[in-house]
Amino acid sequence: MTQKDLLAIADEFGSPVYVYDAEKIISQYKRLTSAFKVNELRIHYAVKALSNISILKLLNSLGCGLDTVSVQEVRLGLEAGVDPSKIIYTPNGVSLEEIEEVVKLGAQINIDNLSILEQFGSRHPEIPVCIRINPHVMAGGNSKISVGHIDSKFGISIHQMPHLLRIVENTGMHINGIHMHTGSDILDIGVFLYASEILFEAAKNFKELEFIDFGSGFKVPYREGDIETDIEDLGAQLTKKFDKFCKEYGRELALAFEPGKYLVSEAGKFLAKVNVIKQTTSTVFAGVDTGFNHLIRPMFYGSHHHIENISNPDAKKRFYSVVGYICETDTFGSNRQIAEIREGDILSFSNAGAYSFSMASNFNSRYRPPEVLWYKGKAHLIRERETFEDLTRHQVVMDFEDSGKLVEKN
Ligand SMILES: *Cc1c(COP(=O)(O)O)cnc(C)c1O
């Protein structure tokens, strides 16, 4: 996907627009599956990162399963033709009713608290469930995206193992999987392996396991020279530990992961047009035709998205703050060196595959952008730009007259 291709896409589909490179998604999947040489590897793509049905179909065709956090995501997976046995449902804080709905759809249930575990086990002891354990390990430095530590709302604390085992025994339920998802960024493989040891120890308590699921947290690069998770190194080391565990356990289990970002982040570019260049005494602002309604990660998590001017790539670089059109502070990047920007130029934001469109909203009553899949040198529209009807569709309109008097309808 060259800058020229991207420009042609902005030209054809308008701006702003999301573009995903199918080839990059495929190569990330292959890199991940080659890194873990185990008897059975299950990759469940985390649907919440990017939930377009065409993307789910692409991943399904590679043999990838799905990780879902809502009944709606399970239904999207089924809509994409994914076999329910390849869908794992890993919610947090949802109702027993929703879990029961997902059971009916046939997905693998993963439970992350003792209260629901006990209720579920009492009502459906015959349905095997996976349990989400919190090993209390801080993986990654940003507390906003680490979920394994002591104050986290995620998972059943490893210290509650005795209570957990009592529930399993009393209800007669079957535990077929054990799971952890420590946080979003594995930078230190040692920390991850340490957490894996805790999970292996916990796993020995359950005799009917089919799989061990290590969640995700694979870090992808955002800036040039950024460190990323060394997937090959992690693969080699974890595979060794996993083999050793399976020998002790007495049976070959499946090794599972749930990557979101790793599979789709780098595949995505977000293209926006520069509406205005505004020079203040201290800064040159480039105002684009989008805002945190379409790409909230920089403002929400402080995430870095590399920005390039694809309309004028060879020009001299200057410093800019790239800001949105929302009536709030929405800065995509401050003090960025970018090839000279002119009004009307198209800027490309990198790492826009994961948590970008899927976190978009209609704030300021703007339309959500279209999505395009770049496949073998050709652009395919996989979601249309919204229209005014999308903004009004679900509104039930009341009428008023004479300073606030309701007009009764019959
Ligand atoms: C969000 C999530 C993932 C995916 O995380 P990434 O950082 O995108 O790879 C995996 N598992 C669970 C349970 C999640 O909530």
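Begin by selecting Ser216 together with the ligand: a polar side-chain atom of Ser216 lies 2.4 Å from an oxygen atom of the ligand. This is a polar contact, that is, a pair of N or O atoms within 3.5 Å; within protein, one must be able to donate a hydrogen and the other to accept it, and residues adjacent in sequence count only if both atoms are side-chain atoms. The model is predicted: local features need pLDDT of at least 70 and side-chain atom pairs count only at pLDDT 80 or more, whereas totals for chains, interfaces and linings use all residues. Residues are numbered from 1 along each chain as its sequence is written, and side-chain values use heavy atoms, with hydrogens and water left out.

Now colour the two domains, whose bounds come from an automatic or database domain assignment: domain 1 (22-263) and domain 2 (268-386). Their C-alpha centres lie 32 Å apart. The contact between them (heavy atoms within 4.5 Å) takes 16 residues from domain 1 and 18 residues from domain 2.

Which residues have the most contacts inside the largest nonpolar core? Select Tyr45, Ile55, Leu164, Ile178, Ile212, Phe214 and Leu263, in a core of 104 residues. A nonpolar core is a set of buried Ala, Val, Leu, Ile, Met, Phe, Trp, Tyr and Cys residues joined through side-chain atoms within 4.5 Å; buried means under 20% relative accessible area, exposed over 50%, and partly exposed in between (1.4 Å probe, protein chains only). Helix α8 (residues 189-203) gives the most to this core, with nine residues.

Finally, select Ser70, in the loop between β3 (65-68) and α4 (71-79); helices (H or I, at least four residues) and strands (E, at least two) are DSSP runs, numbered from the N terminus. Ser70 counts as buried because its relative accessibility is 18%. Its side chain reaches the backbone nitrogen of Glu73 at 3.1 Å.
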